[in-house]
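These are my notes from going through one model, element by element. I kept to what I looked up.

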Amino acid sequence: MGSDLYNNLIRYFITHLKGLKEQSDTLQDEALLRYYAAEWDRYTTGANYINRLFTYLNRHWVKRERDEGRKGVYPVYTLALVQWKSNFFLHVQSKNGKLANAILRLIERQRNGETIDQGLVKKVVDSFVSLGLDDADINKASLDVYREHLETPFLEATAKYYQQESEAFLAESSVSDYLKKAEERLREEEDRVDRYLNTETRKELVAQCERVLIRQHSELMWDSFQSLLDYDKDEDLQRMYALLSRIIEGLEPLRKKFEEHVKKAGLTAVSKLVGEGTEGVDGLDSKAYVDALLEVHRKNSETVTRSFRGEAGFVASLDKACREFVNRNAATGTSTTKSPELLAKHADMLLRKNNKMAEEEDLEGALNRVMVLFKYIEDKDVFQTFYTTKLSKRLIHGVSASDESEASMISKLKEACGFEYTNKLQRMFTDMSLSKDLTDQFKERMQQNHDDMDINFSIMVLGTNFWPLNAPNNDFIIPPEILPTYDRFSKYYQTKHSGRKLTWLWNYSKNELRTNYLNQKYILMTSSYQMAVLLQYNKHDTLSLEELITATAISKDILTQVLSLLVKAKILINEETDQYDLNPNFKSKKIRVNLNQPIKAEVKAESSEVLKTVDEDRKYVIQATIVRIMKARKTMKNQPLIQEVISQISQRFAPKIPDIKKAIDTLLEKEYIERVDGTRDTFAYVA
């Protein structure tokens, strides 16, 4: 009974569909789609009713048949779809994919800018999906019909369409215009999936479009990238980045070109600066140099953020290029120490009291910009040594813009390089505050002992290990006017710290003298050497160079420079060779006259002194690193040891291989390490 009923149903469906087949044979394109969609609606609605009508059949006979393994028996609604597929759908499709082609032609018309009935397309496409049948589980949707009959031809047609369009477009238009077009087309295709295709098509469709629209024209895009950079075409760069980031290895050529572009911009900026200067590299203004480097970084950093969405690869290219031009450019030549020196000078200028920027502009921002370049400096130890030297002078002469700014800069350096890097700098501040307390305690003691000092006196006691200061290498006779104070303090200090030795740095000391021999009283701000010379004129009006050497014990070459400064300031008159008279007619617009100018010899010596210190320090750093590595590893071959040393030290400076080899030899001599017997290139740690 169930079998007869089931077979009659099949015959009923076939008879109904035969009429549809005949009707559809005469139809084409949109007319065919409309007919198909309308009949599909009627048919599926009717099939639904019949399915409900035959609920009993489905529940008992169909179920039993399927349970017994007859997979060709279906519930009534599914049977209706199976019959539609085999007796109508496949018949229409058999004529050169007539139904699918009608859909593809509509889609092409839409791509060409015409308006189409998207609802109609969606209805027909949905029927392709509904006709899919999973034999293993008939309740599960299957996309096999959709894939075979629509998706595959659709993807082929898409590739062909965009291949022709993109080639024709590029033959007549610029790459910039093509980028807009490609972006637009990709958006349209993704939108198409949302409107009337199955979502499973998205991935394949996008991949096909990316291949045809981007991959096949990537060479052309890479070639035009440079001109977009040169002319700052931000929007085009953003588009190019967005498109090429979709394909594998699409961005790599751009990153390389961008790195070259930034490097070239940096080198050009410095060459221009050096070319404009009249005094060549030596007279290069540190502010102009730092500003030029920062401007290149700022501009290209903005490009990375804005056009390349801060992508890590472009950030790395920017960093690599900056590291290159910051350390090696027209100003540095072959020297690796010039950039850190100029950056330290610039930082010194920012942190000084007389710096206009401290008042006008945001000093904190300026220090942050110094740190931007500091990140790229290879020889950070050179910067550290120059910075320490400059800081010591700011502190000794009391010309720091503010303690807050100094502390802020130190904390930035500490964050970048660790505690060890800034340890000395922090100790210098500690010494300054201890010295202030010491001066106050000493004054208090003197008042208690009734040693009323007729001299205002303040002292700085600075730790030899932390301050880059050199003791004077010439003798100095302490003038009797300050000798009592000198003796009192020395004794006082010894009672407080019996084991410590004080070395007096007269070359850094400052004094103020009051004139009593002129109608107008002036205060002269002098160095200790100038004070020692001028105090001689309390007893004499004229003195020869030899007499002054005898009286002060200052070496001849330094004394002549001291005297020439005093003559230039018109305090002394030098009318006869090596004879110096006190000028009774000295006049100045200012009551406080600063005579304490740096001596040329000191300025020149500073740079070479710093570099000498750096070289010494490096030797010990390399040796200490080798010992640390060998202690951990016990034995190690020569080449891996050298590589490990380079990787550990490169944060501070770029060590040279000959220096590492020299350090290994030194440690072999000192017996910290030894060669392993029977080998030439393996070392062992000596415990």
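**Helix pair α5 and α8**

I began with handedness: the crossing of α5 and α8 is right-handed. The model is a predicted one, and I read every entry below with that in mind.

I then looked up the geometry of the pair. Helix α5 covers residues 98-111 and helix α8 covers residues 175-196; their axes come within 12 Å and cross at roughly 140°. Angles over 145 degrees would count as roughly antiparallel, so I noted α5 and α8 as oblique to each other.

Next I listed the residues in contact. From α5 I have I107, Q110 and R111, and they meet R185, E189, R192 and Y196 of α8. Sorted by class, the contact of α5 with α8 holds 4 charged, 2 nonpolar and 1 polar residues.

**Sheet β1-β2-β6**

Which strand order does this open sheet have? I found 3 strands in the order β1-β2-β6, with mixed pairing. The edges are β1 (510-514) and β6 (592-594); each has a single partner strand, so one side of each is left without a neighbour in the sheet.

For the pairing of β1 with β2 (residues 523-527), I counted 5 bridges in the antiparallel sense. I picked out N511 and traced its bridge partner in β2, which is T526.

I checked what covers these strands. Helix α22, residues 528-535, lies across β1 and β2, and it runs at about 120° to β2.

**Sheet β3-β5-β4**

I moved on to another open sheet of 3 strands, ordered β3-β5-β4, where the pairing is antiparallel. Here β3 and β4 are the edge strands with a single partner strand each, so one side of each is left without a neighbour in the sheet. I found helix α23 (residues 545-552) packed on this sheet; it touches β3 and β5, and its direction makes about 85° with that of β3.

I went through the bridges of β5 in turn. Strand β3 (residues 542-544) is joined to β5 by 3 bridges, and the two run antiparallel. Of the residue pairs, I noted T542 with its bridge partner D581 in β5, and S544 opposite Q579 in β5. Strand β4 (residues 572-573) pairs with β5 over 2 bridges, in the antiparallel sense, and there L572 stands opposite L582 of β5.

**D659**

My last entry is a single residue. I located D659 in helix α27, which spans residues 657-669. Is D659 buried, exposed or partly exposed? Its relative accessibility is 35%, so I recorded D659 as partly exposed. I then took a distance: the C-alpha atoms of D659 and Q623 are separated by 9.8 Å, with the two residues 36 apart along the chain.

Methods: Residues numbered from 1 in each chain as written. Predicted model: local features only at pLDDT ≥ 70, side-chain atom pairs only at ≥ 80, totals over all residues. Heavy atoms only, no water. Axes fitted to C-alpha atoms, helices over the stretch in contact; angles between N-to-C directions. Helix = DSSP H or I, 4+ residues; strand = E, 2+ residues; numbered from the N terminus. Parallel < 35°, antiparallel > 145°, perpendicular 65-115°, else oblique. Left-handed = near helix turned anticlockwise from the far one by under 90°. Contact = heavy atoms within 4.5 Å. Nonpolar A, V, L, I, M, F, W, Y, C, P; charged D, E, K, R; others polar. Pairing = 2+ DSSP bridges. Buried < 20%, exposed > 50% of the residue type's maximum accessible area, 1.4 Å probe, protein only.
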